[in-house]
Amino acid sequence: MTASLFENIPEPRLSKELLGPGTAILNGFALGVEGDLIAAFNAVVERAPFRHMVTPGGFRMSVGMTNCGALGWITDRTGYRYDGVDPESGLRWPAMPGVFLKLAADAAEEAGFASFVPDACLINRYEPGAKLSLHQDKNERDFDQPIVSVSLGLPATFLFGGLERSDKTVRVPLVHGDVIVWGGVARLRYHGVNPLKEGVHPVFGGYRYNLTFRKAG
Ligand code: MD3
Ligand code: FE
């Protein structure tokens with residue numbers, strides 16, 4: 001029997017080669033702070049509830065969204081941008097919880113990005129059928145800063161493309177607790193999320209949530 005069968009070390013489900021340079025997949029990285037993370041998540045979404053924003057083209061997004069941190073990502077008929085104020089409440093977004101900040105910084109560090117201090121956390125809520133079409137994240141000021149993504153709740157299939165919309169995509173299964181860091185040459189790659197399948201997660205019920213940590217301003 002090999003050593004790995006005796007040691008309690010999970011096999012990486014995804015190889016780094018699958019996604020290429022500038023990406024780090026940290027399976028289960030959020031599970032160590034799961035309890036604190038859930039408590040902080042609940043406090044944020046109580047103060048800034050999920051809402052379905054409208055794209056500049058007039059389409060209601062199937063993904064419900066909210067934010068915490070100094071800046072929040074919003075879209076409406078006038079465009080996509082970051083704003084310090086929640087347009088639904090007229091108040092600043094809830095502060096970034098300490099457990100969010102530390103998790104994002106620790107994940108970035110693990111991936112080789114020292115001193116990552118996000119000022120924005122976009123929280124996406126997927127219900128069955130909800131999806132995110134292929135897009136680039138380019139509303140942030142400094143593309144040298146990485147983005148850290150934390151998956152919670154139901155599993156989903158993430159699509160990872162190239163620098164052109166027409167480039168072929170790789171499908172990546174993401175489950176509760178997975179953290180991915182995207183930076184450097186990967187920072188402007190197209191990506192999206194396939195329609196969520198029905199299911200029940202023991203903590204998060206019929207939803208998938210994703211936290212994306214950004215240095216937006
Ligand atoms: C790859 N959210 O909110 S972040 C988004 O599962 C978004 O909800 C995904 O894409 C979700 O914009 C997870 C994945 C992500 C973010 C930035 C990237 C992947 C990226 C930047 C470059 C390459
Ligand atoms: Fe994105």
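Predicted model: local features only at pLDDT ≥ 70, side-chain atom pairs only at ≥ 80, totals over all residues.
User: Which residue in S5 does glycine 64 stand opposite?
Analyst: S2 pairs with strand S5 (residues 120-126) in the antiparallel sense, over 5 bridges. Within S5, the residue opposite glycine 64 is arginine 125.

User: Which strands stand at the edges of the open sheet of 4 strands?
Analyst: This sheet has the order S6-S11-S8-S9, and its pairing is antiparallel. The edge strands each have a single partner strand, so one side of each is left without a neighbour in the sheet. They are strand S6 (132-135) and strand S9 (170-174).

User: By how many degrees are neighbouring strands of the S6-S11-S8-S9 sheet turned against each other on average?
Analyst: The strands concerned belong to the open sheet with antiparallel pairing.

User: How many of the residues of S8 are buried?
Analyst: On one side, strand S8 (residues 156-160) is joined to strand S11 (residues 191-193) by 3 bridges, and phenylalanine 158 stands opposite valine 193 in S11. S8 is also joined to S9, by 5 bridges and again running antiparallel, with alanine 156 opposite leucine 174 in S9. S8 is mostly covered, and the number of buried residues is 4 of its 5.

User: Is serine 151 buried or exposed?
Analyst: Serine 151 has its place in strand S7. Its relative accessible area is 2%. The limit for the buried class is under 20%, so serine 151 is buried.

User: Which residue's side chain is joined to that of serine 151 by a polar contact of 2.8 Å?
Analyst: Leaving aside neighbours within four places in sequence, serine 151 is in contact with residues including Leu174, His176, Asp178, Arg208 and Asn210. The polar contact of 2.8 Å joins the serine 151 side chain to that of arginine 208.

User: How far does a polar side-chain atom of arginine 208 lie from an oxygen atom of ligand 1?
Analyst: Among the 20 residues around ligand 1, those that come nearest are Asn124, Tyr126, Arg187, His191 and Arg208. For asparagine 124, a side-chain N or O atom is 2.9 Å from an oxygen atom of ligand 1. For arginine 208, the corresponding value is 2.7 Å.

User: Which residues are the protein donors of the iron ion (ligand 2)?
Analyst: In sequence the donor residues are spaced H-x1-D-x53-H. The donors lie 2.0 to 2.2 Å from the iron ion. They are His135 (NE2), Asp137 (OD) and His191 (NE2).

User: What is the relative accessible area of histidine 135?
Analyst: A side-chain N or O atom of histidine 135 is 3.1 Å from an oxygen atom of ligand 1, and His135 is also one of the iron donors. Aspartate 137 is buried, with a relative accessible area of 9%. Histidine 135, in contrast, is partly exposed, with a value of 22%.

User: How far apart in space are glutamate 34 and alanine 186, C-alpha to C-alpha?
Analyst: Glutamate 34 lies in helix H3 (residues 34-47). Its relative accessible area of 26% makes glutamate 34 partly exposed. In sequence, glutamate 34 and alanine 186 are 152 residues apart. In space, the C-alpha to C-alpha distance is 28 Å.

User: Which residues does glutamate 34 touch, not counting residues up to four places away in sequence?
Analyst: Glutamate 34 belongs to helix H3. The residues touched are His176 and Val203.

Conventions. Residues numbered from 1 in each chain as written. Chains lettered and ligands numbered in written order. Heavy atoms only, no water. Donors = N, O, S within 2.8 Å, 3.2 Å for Na, K, Ca; no water. Buried < 20%, exposed > 50% of the residue type's maximum accessible area, 1.4 Å probe, protein only. Helix = DSSP H or I, 4+ residues; strand = E, 2+ residues; numbered from the N terminus. Contact = heavy atoms within 4.5 Å. Pairing = 2+ DSSP bridges. Polar contact = N/O pair within 3.5 Å; in protein donor to acceptor, adjacent residues only side chain to side chain. Near = heavy atom within 4 Å.
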